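Here is a short note to go with the structure you are about to open. Take the points in order, with the model on screen beside you.

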Amino acid sequence: MQFHRGWPKHWVKPSWNTSHSADDRELSKNTYRTKMKDADKPLSRSQIMRRVTNKDSAAELALRTRLFAEGLRYRLHRRTKGATVDILFVSARVAVFVDGCFWHGCPKHATYPKSNQDYWLPKLAANRERDQRQSAKLRRAGWQVIRVWEHDCLPPDRRVVKRIVDAVRSRQSNPSIRRS
Ligand SMILES: [Zn+2]
């Protein structure tokens, strides 16, 4: 099993809680503000490509770390019913996908490059369709599918974590779902 100790590398930590001087606090607040502002800007091509090749995304690592701390154990990136599921709970049959805001068309961060829209837009639409198809197929096979946005994982939203933990625990204790 793969597990990463400590904080995910790319996690933006609210460091003003731990800094010691007023200057430090001011500096880290400004840093944080800058990062938030950057999040609204359209991504550059190189930023996009970096996100694409990042299988173990910062968002996914952050979520996994939290789930592990909750006592859950899981498998990663398994091909199941034609989909590569990011985080699987096999005995509970819960499939969690961490959807990148760009590639999966998050409604909050839909800032697409203005150039080459003929290329991007159909591709993104196809991605969303594929997501829906894959979710439907897994559900028909008895899996509970939970799709989580990248932006809800940095850091992981309490409600998202609870939803997954509750689903796994309740299904694990249900003998009609639990696989032998
Ligand atoms: Zn988003």
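1. A word on the model first. This is a predicted model, in which local features need pLDDT of at least 70 and side-chain atom pairs count only at pLDDT 80 or more, while totals for chains, interfaces and linings use all residues. Residues are numbered from 1 along each chain as its sequence is written.

2. Now the overall plan. The protein has 5 helices and 4 strands, and along the sequence they follow the pattern α-α-α-β-β-β-α-β-α. Of its 180 residues, 21% count as buried. A residue is buried if 20 or more other C-beta atoms lie within 10 Å of its own, exposed if 12 or fewer, and partly exposed in between, with C-beta atoms placed from the backbone. Two residues are in contact if those C-beta atoms lie within 7 Å. Among contacts between residues at least 6 apart in sequence, 67% join residues at least 24 apart.

3. Next, please find the sheet. It is an open one of 4 strands in the order β1-β2-β3-β4, with mixed pairing. The edge strands are β1 (75–80) and β4, each of which pairs on one side only. Neighbouring strands are turned by 40° against each other on average, direction ignored. Axes are lines fitted to C-alpha atoms, for helices over the stretch in contact, and angles run from 0 to 180 degrees between N-to-C directions. Two strands pair if DSSP finds at least two bridges between them.

4. How many bridges join β3 and β4? Strand β3 (residues 94–99) and strand β4 (residues 144–149) pair in the parallel sense over 6 bridges. V94 has Q144 as its bridge partner in β4, and A95 stands opposite V145.

5. The 24 residues of α4 reach 34 Å from first C-alpha to last, close to the 34 Å expected at 1.5 Å a residue. The expected span is 1.5 Å times one less than the number of residues. Helix α4 is hardly covered, with 2 buried residues among its 24. R130, found in this helix, is partly exposed because 13 other C-beta atoms lie within 10 Å. Just after α4, G142 takes a positive phi of about 95°.

6. G71, which follows α3, has a positive phi near 95°.

7. Helix α5 (residues 158–172) lies across β2, β3 and β4, running at about 165° to β4. The largest nonpolar core has 25 residues, and L63, V94, A95, V96, V98 and V148 touch the most other members. Elements α3, β2, β3, β4 and α5 each supply at least two residues of this core. A nonpolar core is a set of buried Ala, Val, Leu, Ile, Met, Phe, Trp, Tyr and Cys residues joined through C-beta atoms within 7 Å. Leaving aside neighbours within four places in sequence, V96 is in contact with D86, I87, I146, V148 and I164.

8. One last stop: C101, in the loop between β3 and α4. C101 is buried because 20 other C-beta atoms lie within 10 Å. Not counting residues up to four places away in sequence, C101 touches C106, H109, W149, E150 and H151. The C-alpha atoms of C101 and W149 are separated by 6.4 Å, although the two residues are 48 apart along the chain.
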